[in-house]
Amino acid sequence: MATFPPSVTDAERDGLVHSIKDWSIGNGLAVRPPPGFIPAGTDPAGIAAINAPVTVFPSPFPRICFEQGKAVQTTYNELYASVSRDEDFLADMVKQVMDGDDFIQNLWQIHLKVKQEGYTQPLSLGLFRSDYMVHQDTSVSPPALQAKQVEFNTIAASFGGLSYYTSLLHKYLATTEYPLLDQPLAPGSLALPENSTIQGLAAGIEAAYRAYPVSALGHPKCVLFLVQGDERNVFDQRHLEYQVAKASPAIPLFRVAFSDILAHTSIADTPTRQLLYRFPRNPSKVFEVAVVYMRAGYGPGDYPDQRAWDARLHLERSAAIKCPTVLTQLAGTKKVQQVLATPRPLSAPSALSKFIRDNSPSTAELWKTFTNIYPMDRSEAGLEARRKALDPDLCQAYVLKPQREGGGNNTYRGAIPGFLKSVPEEHWGSFILMELITPPPVSNLILRNGKVEQGGVICELGIYGACLWNQATGELLHNEEAGHLLRTKGDQSEEGGVAAGFGCMDSCCLV
């Protein structure tokens, strides 16, 4: 597919942009505009929406890597459910990174406080996303392609809603616009896979809701979406809400800003500690919260003061099923990823074998997705990683990552030595060093804020998973792969977060 995407004339490009803008707003492939994009005086009520940044064509993506990522997702779900249950392992991970990372330390303190009081809810819900890039192994001929894991997200794994509609957008264009180009793409000539993100993620929420017992206090059950107060990515979340709303019998669902948790919820004075939600517009309506789905609380910016940390403790000690619990959020730290991906020693079991059978065919496939990740501590491997990170030439092959989810946190290539020198050396252990994945070149056009950018791009595949498990027994009550996401960025950009302003929505054209 060397000629894909096809060259387009200025008139064709303008026609495609016109169709994309209208279809996107008409179908909710949208975001709130970035600050300053529309003058406040022009939109004083904040009602404006613009189409989400998106590629004009679906990007070519190797079918073998796509299928590889999908095939291992339920194994990854099982793995991270198991990791979240191993308190001793997570305690060790936290201890290794807590110097210089107050955020991780504060999360751990919440767990310890609730553990002392006693957890009342054994069930945990994970709506996960495992992110991959295509690695081109040039040591063999012809070069072999493999999906290599960039990171595993255990909290606020976003864009399930928009990815579903991006797939539909490109399918629409493939039947209406692409066949009319001077270099036409015949209907049915593109391998555009089905995508079921909204349905798959909603199924996880519904499974948790159904698993929560009927209220002993006589209240109707509900689901809470906890969100950031200034959320631009609101429509992505709304699509998931609307899917849950299709359930029968109906599932009451409410959005609550993370900063309003303590104002609108309370904990029943019972041994079970049920979480109660009072509907702000009519406080006489009281619901028992069955599921708390967190789309906020994943980074330090969501905790500006002690009241925010009190709110997270308030949720954690309640009987609501959390997505995620604090332990599941900590399982998603980069340190855990680094330890799990550490190659099996010659004379000892791998760290991975603590959690799942290390000699099964499914685990063998999971091992293939690991890339080279190193600690930045004072171990032998850590000292070698520090040497590479500080070397102006060797550092060009690496990215330095803190224990964070969400875009905009990493330090790349030549910026690593200077960044490390700005951080006290005793804090270096809170980072990991990852070998950069170098995917094969792809080109596309990106429509962002009404303007088209054209050139080389880098694609990142995300595979969603929905998992409900019993934290006490390890029993898996729901374990499904839940659709996919393709995010794309210009090949001159290091970061890939769409909400952070770096990447755009895309869909796969399998090749």
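**Close-ups of the annotated site and the largest cavity**

**View 1. The annotated binding site.** In UniProt, an unreviewed entry puts the annotation "binding site" on Glu 151, Asn 153 and Glu 405. They span 255 residues in sequence, but no two of their C-alpha atoms sit more than 8.8 Å apart, so they gather at one spot. From this set, Glu 405 also turns up in the lining of the largest cavity. Keep in mind that this is a predicted model.

**View 2. Zooming in on Asn 153.** Asn 153 belongs to strand β6, which covers residues 144-153. Its relative accessibility is 4%, so Asn 153 counts as buried. Leaving aside residues up to four places away in sequence, Asn 153 touches Leu 127, Phe 128, Arg 129, Asp 131 and Glu 405.

**View 3. Over to Glu 405.** Glu 405 sits in the loop between β14 (398-401) and β15 (411-412). With 9% relative accessibility, Glu 405 counts as buried, as the cut-off is under 20%. Setting aside residues up to four places away in sequence, its contacts are Phe 152, Asn 153, Thr 154, Ile 155, Tyr 298, Gly 332 and Lys 334.

**View 4. Inside the largest cavity.** The model has 4 cavities of 30 Å³ or more, and the largest has a volume of about 80 Å³. It is lined by 13 residues, of which Tyr 298, Gln 329, Thr 333, Gln 403 and Glu 405 are the closest to its centre. By class, the lining of the largest cavity holds 6 nonpolar, 4 polar and 3 charged residues.

Definitions and conventions:
Residues are numbered from 1 along each chain as its sequence is written. This is a predicted model: local features need pLDDT of at least 70, side-chain atom pairs count only at pLDDT 80 or more; totals for chains, interfaces and linings use all residues. Side-chain values use heavy atoms; hydrogens and water are left out. UniProt positions are given in the numbering used here, feature names are shortened, and annotations may be inferred rather than shown by experiment. On a 1 Å grid over the protein atoms alone, a cavity is a set of points where a 1.4 Å probe fits but cannot get out, and a pocket is an open set with protein on both sides within 12 Å along at least five of seven lines; lining residues have an atom within 4 Å of a point. Helices (H or I, at least four residues) and strands (E, at least two) are DSSP runs, numbered from the N terminus. Buried means under 20% relative accessible area, exposed over 50%, partly exposed in between (1.4 Å probe, protein chains only). Contact means heavy atoms within 4.5 Å. Grid points are joined across faces, edges and corners, and a volume is the space filled by probe spheres set on the points. Ala, Val, Leu, Ile, Met, Phe, Trp, Tyr, Cys and Pro count as nonpolar, Asp, Glu, Lys and Arg as charged, and the others, Gly among them, as polar.
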